[in-house]
Amino acid sequence: MPYTTNDIRNIESKWQKFWETHKTFRVDTDPLKPKYYVLEMFPYPSGKIHMGHVRNYTIADVIARYKMMRGFNVLHPIGYDAFGQPAENAAIKNKTNPAEWTYRCIKQMHDELKKMGFSYDWDREFSTCDAEYYKWNQWIFIKMFERGLAYKKASSVNWCPDCETTLANEEVINGTCWRCKTTVVQKDLEQWYLKITQYAPSLLEDLKKLEQWPSRVRAMQENWIGKSYGVEILFKVKDAAETISVFTTRPDTIFGATYVVLAPEHSLVKKLIAGTKQEKETLDFIEKTANKSKSLRMSGDQRKEGVFIGRYAINPVNNEAIPIFIGDYVLMEYGTGAIMAVPTHDQRDFEFAKHHKLPMRIVIQDLKNPSLSIEDMSQAYEEEGLLVNSGEFDKTPNEEAKKKIAEWMQLKGFGKLSIHWRLRDWLISRQRYWGTPIPMIYCAACGVVPVPFHQLPVELPKDVTITGEGGSPLARVRTFVECACPKCGKPARRETDTMATFFDSSWYFLRFCSPRNNEEIFDKKDAQYWMPVDQYIGGIEHAILHLLYARFFTKFLKDLDLITTDEPFTRLLTQGMVLKDNEVMSKSRGNTVDPDEVLSQYGADTLRLFILFAAPPEDQLEWNSDGLEGSWRFLNRVYQMVEKRYSTTVIPAQGGIHNQNDADNTLERERNAAIKRVTQSFEEGYKFNTAISHLMVLANAIDKYSNIGHSRESGNPDTSQQTLLNQSIETLVLLLAPFAPHVAEEMWQMMGKSEATIAQVAWPTFDEKALKTSTIIIAVQVNGRVRAQIQITPDMPQEELRKICLADPGVAKYAQEAAIKKFIVVPNKLVSIVV
C-alpha cells in the first residue's frame, strides 16, 4: 500500500512512543565505548518552534544518530535558555507571571520537539530558570567573587526617566524608550562585572587549538579580543600639570597629529574646562552625548561631532601646541579614552577636521602620486608609503618607521611600548526580575558578603508585581530584600540585580553531564568522560559573545580543578538561515512556514529530508515546496520498494552471494559505493545533500536491477539474486535511518529484522574490492576527434592498450602505426592519438 498521510501519523506516533517507552536514547558513561557529545545551542522557549529551530536540531540529530550506528556512546541532550527580558516583557503584556508564561512555552516547545523525533536523552532535560540550575549560577558567581573575578563598579547605562528602568541597547529606538518613547539618558549605576580580561591572553592564544571551528568565527573572536601592539604617547597639557595618555598602533603618523580628542566621559575633561570660556558649551555637549547610545556613537553612518574645550596639548615629537577636543566617537571603553588625530591618514579624523576646519599635514607620501597635496585630498590616504615632514625619519617606509619611532619615543621618554586589549570586563548586572538573583548581601558592619552555600539557591520571590517601570522589581519586595548578615547576624539587605542571561548559557553544556546532581555543580568523573563537546551547532549570530563567554567559563572551571579541558567545543558548525522569497523567514515579513502544518501533511521525516537535501548545513536554505514534494516522493518510493521488492522468506544461499552476471556485479558495486560515499559525506564535512543524492543513486540501481527481472515479482527468482536485492534494500534503509528515522524503523520492522530499533544497528561497511569493475569503456581520439569506444580492463598496460586501439576499425581508418606522432593515455578515461 502507498505511504500515505495517515501512515505518517501512525508510523511517527508509534516509533516516538517506542523510543520514549524504551528510553532508546538514554545514555550513561561507559568507559568501554568511545564517547561522542553532540549539542545544539539550546533554545529560548518562545513556544512554537520555527524552521530555524527545525534546521538546527535536525542537523544535530542526524549526526547523533549516525554516531550511534557507528558504535559511539552518544550524549545528545536538550534544555531551555529560559531566563531573560523577552519573557518578562511577554508577562507584562499578557498580565501574567514570567514563570507561568515561560513554563507554558517550555511545555509547548517540548511537545513540538518530540513530534520531530529527535534523539534526545530526555532524562537530562532542564531549564535555566529551574532553581536547581541557577543555584549553580550563584555558586559560580561566588567562586569568582572569592578569586577577585567578580567586582562592582559604577558604569553608565541606558536609562528611561519615565519608566525608571535600564534599557538594553536594542530597546533604545532613535534615542527613545521602546515602551514609552521618552528620551533615553545615560545614568551611572553601581553594577557587577566579571573580569574576563584576566583570561584575554589564553582566550586569544587558545584560538589556535580550535582547528575545527570555521575560520570566520575564529577571526571574529580574535578581533573582539583585540590584542594591539603600539605606543602609549604622553601629551602634556599646555600651561597645566596634567598629561593626556594616548594609545596608538600608528606611531609612524605622530608627526601628522594636529589635534587630540578625548571621550566626553574622560576624567580630565571637567578639570581642564573649569573656568574657561568653553566650559558651558563643553558641559552642554557632554550632556547631549550622554543621551546617545554607545552603538550609535560608534556607528560609521553618523557624522562625528565634537567641541573644542579651550585647551591645548603639546605634541612631544615636535613641541607643537595642538587643540584638544571632545568627540562623541571616542569612548572610554577603547584604549585610554583619548586619541591623537591624524586627519591626512585616517578617514574618520579627516571628516572631523574638514568639518571643524582644522589643520592637516601629510606625513606619508603616496608612492603612486608623490605630488599629492592637502588641497588635492578628497579623502585620507591610508595606504603604505614613505615618511615626509617627519624629521629624521623622512624617506623611511612607514611600516618600518612604526618600530623605529616607537623605540625612539620610548628612549626619549615621550611614550612607552604597550599592549592594549579591545576586550573589556563583562557587565552582568540587570535591573530586572526574570533572571538569576546575584547572591550578595550588603551589611553596614561587614560590607559586601556572599550568601553561604547552604543558603543557595537565593530563589526569586513569587509575590512580585512586574510593570517594567520603577527600577528593579526585586527592590520592591521587602521579604526578599531584608535579610540577616551571614557573618554578624545583623539586619542587612540583598542585592536586587539579576544576572545577564549569557551567564546561564556559559556553562550549561557541563551541567548536561550530570543534571540531577544536587550536591555538586556536576560530577567530575562524568565531565571528564563527556567533555569537551565533540560537535556544537548554532547560528553565526552567537559567534562572539556566547562562544567567548563559554570559553571563559570553561577556563575558570578548569582553574578550579573541576575539569581538565581548556576549550568547551572541539568542532563548531554554524548553520545558515532559512529563507523564503529570498528573505529570512520572519513574522513581521509574513513569510514564515509553520512546521506544524508541514508535519500534519508530510510528516517529520519528509521535512527532515528536505531540510538536509536543499542545501549544505553552512549555507542559506531557500524554502521550496516543490523540494518538499520531491522528498515525500522519494520516501514513498523506498517504502514501496520494501513492500514490493523485499522478500522476508528467501533463505540466503550457502556460502553467501555469488554474483552471476554484469547486473549482479553492477548492483553490488553501487551498494558498496553508496556506503562509501554516504560515510564520506558524514566524515568529510557533513555534506548531507550529497549523501542523500547518493541514496537516490542506490535507489535507482535497485529499481533498474528489479526491472530487468531480478525481483520477487518475476515469478521464481534466483535465491542468490533475491539475497543481493534484499541486501541492497537493507543497505538503503540503514543509510536512510539517520535522515528519516521513523519510516526507517518501520521498514526495518517490515523486513522482519530482530533488532528492536534500527537506531542501534551497526552502520554498514563497504568492500573496496567490490567497487572495482572488471571492464570499462573509454574513448579513443585521433587528432582530437573521437573515432571509437573500446572496452578494456582497468589499468591496462599501455603496450596492450595500443594494440587494441590500433586494431579497432574506426581507429585504423585514420591512424596507421607508422604515422603516429604521439600516443597519449589518460588512465581509464581516454586515449588521444596524434598523426
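Is Tyr433 buried or exposed, given its relative accessibility of 2%? Tyr433 counts as buried, because values under 20% fall in that class. The legends below describe close-up views of a predicted model.

**Figure 1. Tyr433 and Trp434 form a stacked aromatic pair.** The structure holds 49 aromatic pairs, and the pair of Tyr433 and Trp434 is one of them. The ring centres of Tyr433 and Trp434 lie 6.0 Å apart, with 25° between the planes. The pair is classed as stacked because planes under 30 degrees apart count as such. Trp434 has a relative accessibility of 5% and therefore counts as buried, and Tyr433, at 2%, is buried as well.

**Figure 2. Phe688 and Phe739 form an edge-to-face pair.** A pair of aromatic rings is described by the distance of the centres and the angle of the planes. For Phe688 and Phe739, the centres are 6.2 Å apart and the planes stand at 80°, so the pair is edge-to-face. The pair links distant parts of the chain, as the two residues are 51 residues apart. Phe688 belongs to helix α22 (residues 688–707), whereas Phe739 lies in the loop between α23 (719–736) and α24. Both Phe688 and Phe739 are buried.

**Figure 3. His694 is a buried residue of helix α22.** The relative accessible area of His694 is 17%, which means that His694 counts as buried. Leaving aside neighbours within four places in sequence, His694 is in contact with Ala674, Arg677, Val678 and Ser681.

**Figure 4. Helices α20 and α24 come within 10 Å of each other, axis to axis.** Helix α20 spans residues 625–645 and helix α24 spans residues 741–750. Their axes cross at roughly 10°, which means that α20 is roughly parallel to α24. On the side of α20, the contact is made by Leu635, Val638, Tyr639, Val642 and Glu643. On the side of α24, Val743, Glu746, Met747 and Met750 take part. By class, the contact has 7 nonpolar residues, 2 charged residues and no polar residues.

**Figure 5. Nine aromatic residues form one cluster.** The members of this aromatic cluster are Phe42, Phe126, Tyr133, Trp507, Tyr508, Phe509, Phe512, Tyr536 and Phe569.

Key:
Residues are numbered from 1 along each chain as its sequence is written. This is a predicted model: local features need pLDDT of at least 70, side-chain atom pairs count only at pLDDT 80 or more; totals for chains, interfaces and linings use all residues. Side-chain values use heavy atoms; hydrogens and water are left out. Axes are lines fitted to C-alpha atoms, for helices over the stretch in contact, and angles run from 0 to 180 degrees between N-to-C directions. Helices (H or I, at least four residues) and strands (E, at least two) are DSSP runs, numbered from the N terminus. Angles under 35 degrees count as roughly parallel, over 145 as roughly antiparallel, 65 to 115 as roughly perpendicular and the rest as oblique. Contact means heavy atoms within 4.5 Å. Ala, Val, Leu, Ile, Met, Phe, Trp, Tyr, Cys and Pro count as nonpolar, Asp, Glu, Lys and Arg as charged, and the others, Gly among them, as polar. Rings of Phe, Tyr and Trp (its six-membered ring) pair if their centres lie within 6.5 Å; planes under 30 degrees apart count as stacked, over 60 as edge-to-face and the rest as tilted. Buried means under 20% relative accessible area, exposed over 50%, partly exposed in between (1.4 Å probe, protein chains only).
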